[in-house]
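Here are my notes on this model, point by point. Keep the 3D view open while you read.

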Amino acid sequence: MNNQAFSYVFWGTEKFAKDILEILIKNNLHPLAVVTAPDKAVGRKQIIQAPPVKELALKENIPVWQIADLKSSEAENFYDELRALNADFQIVAQYGQIIPTRFLQSARFGAVNVHGSLLPKYRGASPVQTALLNNDKETGVSLILMDEKMDHGDILATQSIKIEISDNTTSLLDKLAIIGGYLLIKTLPDFAAGELEAIPQNHQDATFCGLIKKEDGLIDWQELSGQEIFNRFRAYYPWPGIYYFIDGKRLLLLDLDLNEKISNFTPGQFYTKNGKLLISGNDGQTLEIKKLQWEGKNPVSAEEFVRGYKNVIEQ
RNA sequence: CGCGGGAUAGAGCAAUUGGCAGCUCGCGAGGCCCAUAACCUCGAGGUUACAGGUUCAAGUCCUGUUCCCGCAA
């Protein structure tokens with residue numbers, strides 16, 4: 001174990017990246033600079049909002065770059081300045097954009113990516129969600145040296161973690177960020193000192209996962225088992241969430257839990273039993289709905305829902 | 001001014017072509033019961049978001065304001 005500090009530039013955008021950066025900073029590893037996505041208009045009012053990583057960087061008085069397109073001419077100056085920093089590492093986590101190779105190579109020891117799966121499993125944009133969709137019992141964090149192919153580089157370190165039944169994408173990302181942060185602190189000094197060998201991935205075993213789309217959250221009760229729906233609920237929390245349409249109106253299912261198996265339930269039909277609001281997939285596996293929301297309405301508890309919408313519920 | 005939905009009792013929702021503002025739950029009092037979140041009886045609780053307009057009459061139609069929500073990004 002080598003405790004020597006290292007210098008780095010941090011590339012990241014969303015909360016997962018912010019959490020990792022926060023851990024590095026807490027352990028006295030301040031980045032030379034932060035590279036993050038541009039502020040963007042968010043929400044109904046289209047309010048311009050800074051990405052979480054930028055907010056943290058500003059608070060810590062760390063220089064921030066926000067490059068809309070790394071292939072544009074605007075990126076030229078940035079490239080020169082980046083090289084001038086002469087960092088030991090580029091650390092990349094959830095940056096949100098493909099980074100051209102020359103940027104990755106602009107640090108002494110190269111670029112390290114924090115990826116939320118046990119590579120070569122789940123290369124791509126949604127490793128955590130995909131692990132939950134597949135009802136995996138275990139996942140983890142991988143540190144890899146980035147090369148020109150997506151999530152393809154040699155592995156510096158991995159650490160696995162058990163997936164709890166109560167885990168969803170948010171909770172898993174939180175856990176993985178912490179693991180990833182400390183793994184960086186432990187691993188990078190050793191690698192910089194030449195005491196750690198990067199190991200190529202077993203490329204034949206690679207699996208891939210793509211970007212999640214809003215429509216992925218649409219539930220077809222005839223097509224999916226109760227367990228599959230529950231997996232989607234966990235994977236798509238908080239975005240895009242799971243939902244379907246009744247009479248053309250979107251109904252969001254905000255909180256649910258696996259319940260007993262009841263064979264004579266019609267898939268997708270609401271029932272009340274023992275004070276619980278139940279709905280089942282195509283295999284009779286029921287889900288207890290705890291919180292839901294009509295389009296245009298406030299979120300309501302199952303109890304409130306039952307009061308107001310008796311017409312869609314079988315007793 | 002990106003598109004759309006909404007605001008009615010503490011909560012969730014109704015209210016037909018404009019015509020006495022209701023339902024379920026909760027709340028209060030009483031009853032039944034070994035007992036109860038169960039059951040029965042009675043009751044309280046509303047300026048229908050706000051301001052203006054049309055009308056004999058507005059929760060309902062028109063105009064403006066505020067707040068909330070879904071979509072999109």
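1. Start with Tyr309. Tyr309 sits in the loop between H8 and strand S18 (313-314). Helices and strands here are DSSP runs, numbered from the N terminus: a helix is H or I with at least four residues, a strand is E with at least two. Tyr309 is partly exposed because it has 15 C-beta neighbours inside 10 Å. The cut-offs are these: buried means 20 or more other C-beta atoms within 10 Å of the residue's own, exposed means 12 or fewer, and partly exposed lies in between, with C-beta atoms placed from the backbone. Now look at Ala192: its C-alpha atom and that of Tyr309 are separated by 62 Å, and the two residues are 117 apart along the chain.

2. A word on conventions. Residues are numbered from 1 along each chain as its sequence is written, while chains are lettered from A and ligands numbered from 1 in the order in which they are written. The model is predicted, so local features need pLDDT of at least 70 and side-chain atom pairs count only at pLDDT 80 or more, while totals for chains, interfaces and linings use all residues.

3. Next, the RNA. H8 gives the most, with four residues.

4. Helix H6 (residues 169-192) deserves a look. H6 has 24 residues and reaches 32 Å from its first C-alpha to its last. That is close to the 34 Å expected at 1.5 Å a residue; the expected span is 1.5 Å times one less than the number of residues. H6 has a kink of about 25 degrees, centred on Leu184. The bend at a residue is the angle between axes fitted to the seven residues ending there and the seven starting there. Gly194 follows H6, and its phi is positive, near 75 degrees.

5. Now the sheet. Seven strands form an open sheet with mixed pairing, in the order S5-S2-S1-S6-S7-S9-S10. Its edge strands, S5 (64-66) and S10 (155-162), each pair on one side only. Two strands pair if DSSP finds at least two bridges between them. Strands of a sheet pair through backbone hydrogen bonds, either parallel or antiparallel.

6. Follow the neighbours of strand S6 (residues 89-93). Strand S1 (residues 8-12) runs parallel to S6, with five bridges joining them. Ile91 in S6 is the bridge partner of Phe10. Three bridges join S6 to strand S7 (residues 111-115), again parallel. There, Gln90 has Ala111 as its bridge partner. S1 also runs parallel to strand S2 (residues 33-36), through three bridges.

7. Is S6 enclosed or open? S6 is largely enclosed by the rest of the structure, because five of its five residues are buried. In a regular strand the side chains alternate between the two faces of the sheet. In S6, Phe89, Ile91 and Ala93 point one way, while Gln90 and Val92 point the other way.

8. Check the backbone angles too. Gln94 is not a glycine, yet its phi is positive, near 50 degrees. Gln94 lies in the loop between S6 and helix H4 (101-104). It is buried because 25 other C-beta atoms lie within 10 Å. Asp151 also has a positive phi, about 55 degrees. Asp151 lies in the loop between strand S9 (138-145) and S10.

9. Finally, two cis peptide bonds. One joins Tyr237 and Pro238, with omega about 5 degrees. Another joins Trp239 and Pro240, with omega about 0 degrees.
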